Amino acid sequence: MVAPLPVPLIPLLPLAAFVVNILAGRWLKHRAAWLSVATSSLACALAMPLCWKVFGGAHFAHQTTWLMLGDVPLQFGYLLDPLSSSLLFMVTIVGTLIQVYAMGYMHGDPLYSRFFAYVSLFMAAMLTLVISNNFLLFFMAWEIMGLCSYLLIGFYFEKDSAANACKKAFLTTRVGDVGFLLGFLTLFAAIGTLNFQEMNALLSGTATGAAPLNTAMLSLAALFIFCGTIGKSAQFPLHVWLPDAMEGPTPVSALIHAATMVAAGVFLVARSFSLFTAVPGVLPAVTTIGTVTALMAAFIALTQHDIKRILAYSTISQLGYMVTALGLSGLGAGTFHLITHAFFKALLFLGAGSVIHGTHVQDIREMGGLFKKMPSTAITFIVASLALAGVPPLSGFWSKDEILLTAFASGHLWVFGILLLTAFMTAFYMFRLIFLTFFGTARNPKVHAHESPALMTLPLWALAVGSVVIGFPGSPFMHHWFQKFMAHAAHYPEYEPSLFVMGCSVAAALAGISLAGIFYLGQKNWAENTARAFRPLYLLSLNKFYVDEFYSAYIVKPFHALGRALFGFDEKVIDGAVNGTGHVTMLLSRIKNWIDIYIVDGFVNFTGAFTYFLNSLTRRLQTGFIQNYLLIVVVGVLVLLVFELKLI
Amino acid sequence: METLELFVRIGIYTLMALVLVFALGVVTLRNLFHCALCLAAVLIGTAMLYVGLRADFLAAVQILIYVGAVMTLVIFVIMLTEHLGEKSIRQNNRQSPAAVISLSGIVVLLAALLLRTPWPVTDKALQAKASVMALGKALMGTYAFPFEVISVILIACLIGAIAIAKKDLPGEDVS
Amino acid sequence: MIVPLQHILIFSLLLFAIGLYGVLVRRNIIGILISIELMLNAANINLIAFSKSTSLAPETGQIFAIFVIAIAATAAAVGLAIVLALYRVRKTVYTDEVNLLKW
């Protein structure tokens, strides 16, 4: 419980950068990037010592009451435990590097400052999410990240495809977000707290005098929360948004849609892991989803042509790995893969961005022979691919091996087999990508590739180093320090390393690489022959299992139809009612108008006319002629005389 | 004596009748100038009647003032205003029948009243003849105050008449 | 008295009525003024006639007649002056054409 001050500063610094950039971006222009990178670096510098202390066994937590909900306080606070500090470590480093890269990549973009404002906001949200100590703050940061994702996918909003993609991403993840919201509200109803530590204490039964738990509600809460993971981490069946999200700028793809935000779903499961383990029946579901996602995404990635889409499906597949690991209670394994994956997948995306920056095409069929023209990019890309494929001693090997080991040792042989197959396919499609892109001959003479500037290659090298070394804390060389570090926080099963599993993993990776080499470097017609031989499977993969088509036909269209029906209802019935009311009102007002004109006005006019009529009678008396009056006087005298003389 | 009285009586009645005829001429003739002449005749006839009633001085005043001054003035104004070429202009308004009827009623009633009333006629008063000297004494004595008031009124009216009838000098407000 | 008082009074009554008739029916303002002179004359005759039948000093009636004549002279002077002024402004001497103040 020391040094509480710097921790809130970590997310607040990027937030300040966001505020300044969004308000003064027009004036700052390219300096906006410096601000974002500076705040991000500062956050990194603040985070590193703290992480180091946590790695050394320290523990930071602090919270303040935000508001009272009845008599239950809602609290904001931070929690730095092994889990969150690992994430903090990864996010700050990767985020800063990617922003440095983006300075080069986005150079000359008209919305340069806005881009960095969004990225800063994203960083603030991600860091808040990582260090938050309760579900509410977590959810807020989660939603802000969703917003940033939406804004950044649609960054080139003048493109139709980007506009559609950002809508699709937002709506698809929304399905999961609603589940998440329902989930933690259910949890709140069940155990009365949203704090992670209190939840862990309650669910692990260490809290004294805890009331018996409502298992059904907890299961429901866990399933709902897992919906959030499915949406955010692009698990089957909500994975469709992530490939389309590649419409955004490539640094965004690297930062949000590979390294950090999509990992937040996995982090969510890891965060509420005590909940998942406390109730039966949820973890198998998690495993199933993860496995299916891993296999399916890898299978789709085999046949894609767009460099970023391949990486996107690879990301989905790897996220499936992580989810599977968590489903098998492998908290350490899953988190470990999350960290290593963030490094090499960010590197892959940045490398892909560098390639796109250099060639201005995204289709790998138009590339080829880029190795000589872009050596830095090519070497770092290959390093990352090797890490992803699981070639020792790179980081991906150790983390993937840990997941395979978890599956094998916990007795889920089916899962083990599928993951192994996925590993094979991963190696294949990554090296298919590499061989097509960097080797062979240039297939499109119009593409004139050039190496990217140092501002972009330097982060590549830094990440490449990270991809190599980040695996060692979890390797046998360091006695599985990372897994023990994770287990330090919560006691989860540990497995002895198995040479058999390692052997299988390496064999799968090497087989995949070799096969890709044969297909795309040697016998080039084999690939086509294979595709022809397994045409249904090929089409299935090429068309992404027809999931989009399925959604389009069975979800989007019915909703459209429903919308049209409701529109028709609106138009006919509600508008009709409104118009009818209008017509009736018009009619009434016409009647009133008639009454006004002919009765009220008539009465008034009649009064006037009657007065005028009387007036016209009496006016005759006032002739204005003196002689007339005089005559009347004479007549009056006559009358007086007649009366006075009593003649009548 | 009797015969003389009879002639005088016949003369007076004739005079009265003539005066009435001329009076009718005054109110009925279309030409205003003729009317004025008729009026002069009426005034002269009245003056003669005054003589008959033994008011010689008054008859003289009547002739002097009325026929000499007022009639001159009237004729003068008629000459100034009347367009003699427009004789066809209707001179009476439409209420003459009503006026005739009501006035006849009044005349009949008052005449009946007059004839029924026993007027006291004293012999002394009949024979009395007011001399000019007596008139002068009465004016300066008994009726000095009304006399002065009348003089003031006369002066005021003269000045007023001049002020009204004078031509407006250029630059003065006309209306 | 040569003629009975009643006859003189009836004469003056007739004269007065004729003058009044003129006042009532004449359109010409000068005509009206002339008719008024007739009525004043009738009044004067009455005054003279009554001075014969009362026990007052004999000159009393004549004095009043003189006053009346003076008033008649002023009336004629002022009236005719008004007629002249009116004629100058409105170019008419007919009463029904002088209707500026009429409703």
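Of the 648 residues of chain A, 50% count as buried. Buried here means that 20 or more other C-beta atoms lie within 10 Å of a residue's own; 12 or fewer make it exposed, anything in between is partly exposed, and C-beta atoms are placed from the backbone. The model is predicted: local features need pLDDT of at least 70, side-chain atom pairs count only at pLDDT 80 or more, and totals for chains, interfaces and linings use all residues. Residues are numbered from 1 along each chain as its sequence is written, while chains are lettered from A and ligands numbered from 1 in the order in which they are written.

Start with the elements of chain A. It holds 25 helices and 2 strands. These are DSSP runs numbered from the N terminus, with H or I over at least four residues for helices and E over at least two for strands. Contacts in chain A reach along the sequence. Among those between residues at least 6 apart, 81% join residues at least 24 apart. A contact requires two C-beta atoms, placed from the backbone, to lie within 7 Å.

Now the strands. S1(A) covers residues 60–69 and S2(A) covers residues 72–80; they run antiparallel and are joined by 9 bridges. Pairing of strands requires at least two DSSP bridges between them. One bridge links A:Ala61 to its partner A:Leu79 in S2(A). The hairpin leaves 2 residues between the strands, and A:Gly70 takes a positive phi near 65° there.

Next, a helix pair. Two packed helices are described by the angle between their axes and the distance between the axes. The axes of H3(A), residues 82–105, and H15(A), residues 331–359, come within 10 Å and cross at roughly 5°. Axes are lines fitted to C-alpha atoms, for helices over the stretch in contact, and angles run from 0 to 180 degrees between N-to-C directions. H3(A) and H15(A) are therefore roughly parallel to each other. That label covers angles under 35 degrees; over 145 is roughly antiparallel, 65 to 115 roughly perpendicular, and the rest oblique. On the H3(A) side, the residues that meet H15(A) include A:Leu83, A:Met90 and A:Ile98. On the H15(A) side, they include A:Ile339, A:Phe343 and A:Leu350. By class, this contact has 11 nonpolar, 4 polar and no charged residues. Nonpolar means Ala, Val, Leu, Ile, Met, Phe, Trp, Tyr, Cys and Pro; charged means Asp, Glu, Lys and Arg; the others, Gly among them, are polar.

Some backbone details follow. Most residues other than glycine have a negative phi, and most peptide bonds are trans. The loop between H8 (215–232) and H9 (241–244) of chain A contains A:Pro237. The peptide bond from A:Phe236 to A:Pro237 is cis, with omega near 5°. A:Ala234 lies in the loop between H8 and H9 of chain A. Its phi is positive, near 55°. A:Ala234 is buried because 29 other C-beta atoms lie within 10 Å. In chain B, the loop between H2 and H3 holds B:Arg54. Phi of B:Arg54 is near 65°, also positive. B:Arg54 counts as partly exposed because it has 19 C-beta neighbours inside 10 Å.

Finally, the chain contacts. Chain A puts 9 residues in contact with 8 residues of chain C. The chain A side has 5 nonpolar, 3 polar and 1 charged residues. The contact of chains B and C takes 74 residues from chain B and 60 from chain C. H3(B) gives the largest share of the chain B side, 13 residues. By class, that side has 60 nonpolar, 10 polar and 4 charged residues.
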